[in-house]
Amino acid sequence: MSEHGSPDDIARQWREAAGREDLVLLDGFHALKHALRFGADIQAVVADDPASVRALAAELAPDVEGDVGRLVRKAELRTLLTRVHPTGVAALAVRPDPAEGRARLERMPRTAPIVVLDNPRNLGNVGAVVRLAAGFGATGVVTRGDLDPWHPNVVRAGAGLHYATTVEHITLETLPAGPLYALDPEGDDIRALTLPDDALLAFGSERHGISPELRARADHLVSLPMRPQVSSYNLATSVAMTLFHWGGPKAC
Ligand SMILES: C[S@@+](CC[C@H](N)C(=O)[O-])C[C@H]1O[C@@H](n2cnc3c(N)ncnc32)[C@H](O)[C@@H]1O
């Protein structure tokens, strides 16, 4: 997208770019901020009021203020988007190459676990897990099943942090190497275990739990402490507790 042009030109260029399958929508300032911090290739940034977005960057994220100022262009968001984020800014960023993502996931030695989501159903949950993985410095998040982990609603719930970790779709055949720890209320108490850095931490779907085929591949079945009458925790909450038990980013 050109750095110059009238709001109409910018809007036309946005519409053309928005049709590209290799671009994802970053909805709102925080998603843009995270994507910039973690090296996303940003193709377009539009706002009703570019000056207020620059002011927001100056106040909340001076580290990306210069980039925001350089990139943001004026366009009427309500003509370009079905829903306008309260921060009044949207961006389009390049979705990373899946082959490069898979290569990163296979790289050894692995210094932090990979989170495996076995046929997740809730897009908000998957975004929350991406956000957790980014915060804990996990190697990545992989999903099995028919949901695209780069679905716009997952990216929205992930607050732009897809760019801070590796997020890919996999099958049972392309599951990365490493000891597989499947989280299930019937497993062994996690408090008695040390989770290794090269672990695959697998979580079941919201409705059905861990699938029989992944359970059959598991090296360990692990449970999170829970009172007897409670059936299960929320998926993203379970990932949070498990990553916390693993230990978190080494540098913090
Ligand atoms: C909402 S739960 C799934 C509930 C599902 N009805 C079932 O039968 O397991 C989603 C996932 O979170 C993880 N999970 C939830 N509570 C857990 C617990 N107490 N111990 C270990 N994992 C748990 C599991 O991986 C589970 O498959």
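In the predicted model, the strand β8 makes the greatest contribution to the lining of the largest pocket, to which it gives three residues. The volume of this largest pocket is about 330 Å³. Its lining comprises 18 residues, of which Leu183, Pro185, Ser232, Tyr233 and Ser238 lie closest to the centre of the pocket. Two or more lining residues come from each of β8 and α9, the latter spanning residues 235-246. When the lining of the largest pocket is divided by residue class, nine of its residues are nonpolar, seven are polar and two are charged.

The largest pocket is also the site in which the ligand sits. The shell around the ligand is formed by 17 residues, and the closest of these are Leu183, Gly204, Arg207, Leu224 and Tyr233. In terms of secondary structure, β8, which covers residues 180-189, and β10, which covers residues 220-223, each provide at least two residues of the ligand shell. The strand β8 gives the most to this shell, again with three residues, as it does for the lining of the largest pocket. By class, the shell around the ligand consists of eight nonpolar, six polar and three charged residues.

Several contacts between the ligand and the protein involve polar atoms of the backbone. A nitrogen atom of the ligand lies 2.9 Å from a polar backbone atom of Leu224, and an oxygen atom of the ligand is found 3.0 Å from a backbone N or O atom of Gly204.

Among the contributing elements, β1 gives the most to the lining of the second largest pocket, with three residues. The class composition of this lining is ten nonpolar residues, one polar residue and four charged residues, whereas that of the largest pocket is nine nonpolar, seven polar and two charged.

Two features of the backbone were also identified in loop regions. The peptide bond that joins Met108 and Pro109 is cis, with an omega of about 0°, and Pro109 itself belongs to the loop between α5 (98-106) and β5 (114-118). Asn119, although not a glycine, has a positive phi of about 55°. This residue, Asn119, is located in the loop between β5 and α6, the helix that covers residues 123-136.

Definitions and conventions: Residues numbered from 1 in each chain as written. Predicted model: local features only at pLDDT ≥ 70, side-chain atom pairs only at ≥ 80, totals over all residues. Heavy atoms only, no water. Near = heavy atom within 4 Å. Polar contact = N/O pair within 3.5 Å; in protein donor to acceptor, adjacent residues only side chain to side chain. 1 Å grid on protein atoms, 1.4 Å probe; cavity = no way out; pocket = protein on both sides within 12 Å on 5 of 7 lines; lining within 4 Å. Sits in = over half its atoms within 2 Å of the grid points. Helix = DSSP H or I, 4+ residues; strand = E, 2+ residues; numbered from the N terminus. Nonpolar A, V, L, I, M, F, W, Y, C, P; charged D, E, K, R; others polar. Points joined across faces, edges and corners; volume = space filled by probe spheres on them.
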